[in-house]
Amino acid sequence: MSGDARNKDMTMLDLAAISNLPLTAGLFLDYHADANASNSKGYNALHHASKNGHTQVVKTIINHQNSAETADINKKTKSGKTPIMLAVANKHYRTLLALLPNNDSEQKETPA
């Protein structure tokens, strides 16, 4: 497991995001997992997926309709990082496109 997954205060949705399991993330969201639940460092599933470049998980979390509440793409970690900032810092440009509002990243070719 990655260093992220060693944190003991993670939700199952966090683990699905870290492990790049979009279908599993969607299932947790179907059962009303809180997409904005944060660990002790302020990271939630969207932060983890963005940091690791897991674009399909990001899309699943953002577009899901049955979750407890809509995922907040502007939510900051305790160190002040948003999912967008994490995607940029780690050069995950497809993930960045998925995070941007009103963006159809399926139509555009972007370097990985």
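Biologist: To begin with, are α3 and α4 roughly parallel or antiparallel to each other?
Modeller: They are roughly antiparallel. This is a predicted model, and in the model α3 and α4 pack at an angle of about 155 degrees, their axes being 8 Å apart. The cut-off for roughly antiparallel is an angle over 145 degrees, which is why this pair qualifies.

Biologist: What is the handedness of the crossing where α3 passes α4?
Modeller: The crossing is left-handed.

Biologist: And which residues of α3 and α4 meet there?
Modeller: On the α3 side they are Ala45, Leu46, Ala49 and Ser50, and these meet Val57, Val58, Ile61 and Ile62 of α4.

Biologist: How many of the residues of α3 are buried?
Modeller: In α3, 6 of the 8 residues are buried, so the helix is described as mostly covered. The buried residues are Ala45, Leu46, His47, His48, Ala49 and Ser50. Among the elements that cover them are α1, α4, α5 and α6.

Biologist: Let us take Ser50. Is it buried or exposed?
Modeller: Ser50 lies in helix α3 and is buried, because its relative accessibility is 0%. Beyond its neighbours within four places in sequence, Ser50 is in contact with Val58, Pro83, Leu86, Ala87, His92, Thr95 and Leu99.

Biologist: And Leu46, leaving aside neighbours within four places in sequence: what is it in contact with?
Modeller: Leu46 is in contact with Val58, Ile61, Ile62, Ala71, Asp72, Ile73, Pro83 and Leu99. Val58 and Ile61 also belong to the set of α4 residues that meet α3.

Biologist: Which residues in the largest nonpolar core touch the most other members?
Modeller: That core has 19 residues, and Leu13, Leu46 and Ile61 are the ones that touch the most other members. Two or more residues come from each of α1, α2, α3, α4 and α6.

Biologist: Turning to α4 itself, which of its residues are buried?
Modeller: Helix α4 spans residues 55-63, and its buried residues are Thr55, Val57, Val58, Lys59, Thr60 and Ile61. They pack against α1 (12-18), α2 (22-30), α3 (45-52) and α6 (93-99).

Biologist: At what angle do α2 and α4 pack?
Modeller: The angle between α2 and α4 is about 20 degrees, and their axes are 9 Å apart. That makes α2 roughly parallel to α4, because angles under 35 degrees fall in that class. The crossing of α2 and α4 is right-handed.

Biologist: Which residues of α2 and α4 make the contact?
Modeller: From α2 they are Pro22, Ala25, Gly26 and Leu29, and from α4 they are Gln56, Val57, Thr60 and Ile61. The contact of α2 with α4 comprises 5 nonpolar and 3 polar residues and no charged residue.

Biologist: Gly26 is in that list. Is Gly26 buried or exposed?
Modeller: Gly26, a residue of helix α2, counts as buried because its relative accessibility is 10%. Not counting residues up to four places away in sequence, Gly26 touches Thr60 and His64. The C-alpha atoms of Gly26 and Lys59 are separated by 9.9 Å, although these residues are 33 apart along the chain.

Biologist: A change of topic: where is Val88 found?
Modeller: Val88 is in helix α5, which covers residues 83-89.

Biologist: How far apart are Val88 and Gly53, in sequence and in space?
Modeller: Val88 and Gly53 are 35 residues apart in sequence, and their C-alpha atoms lie 9.7 Å apart in space.

Biologist: Finally, the whole protein chain: how many helices and strands does it have?
Modeller: The protein chain has 6 helices and 0 strands, and along the sequence the pattern reads α-α-α-α-α-α. Of its 112 residues, 42% are buried.

Biologist: Among contacts between residues at least 6 apart in sequence, what percentage join residues at least 24 apart?
Modeller: In the protein chain that value is 63%.

Key: Residues numbered from 1 in each chain as written. Predicted model: local features only at pLDDT ≥ 70, side-chain atom pairs only at ≥ 80, totals over all residues. Heavy atoms only, no water. Buried < 20%, exposed > 50% of the residue type's maximum accessible area, 1.4 Å probe, protein only. Helix = DSSP H or I, 4+ residues; strand = E, 2+ residues; numbered from the N terminus. Contact = heavy atoms within 4.5 Å. Core = buried A, V, L, I, M, F, W, Y, C linked by side-chain atoms within 4.5 Å. Axes fitted to C-alpha atoms, helices over the stretch in contact; angles between N-to-C directions. Parallel < 35°, antiparallel > 145°, perpendicular 65-115°, else oblique. Left-handed = near helix turned anticlockwise from the far one by under 90°. Nonpolar A, V, L, I, M, F, W, Y, C, P; charged D, E, K, R; others polar.
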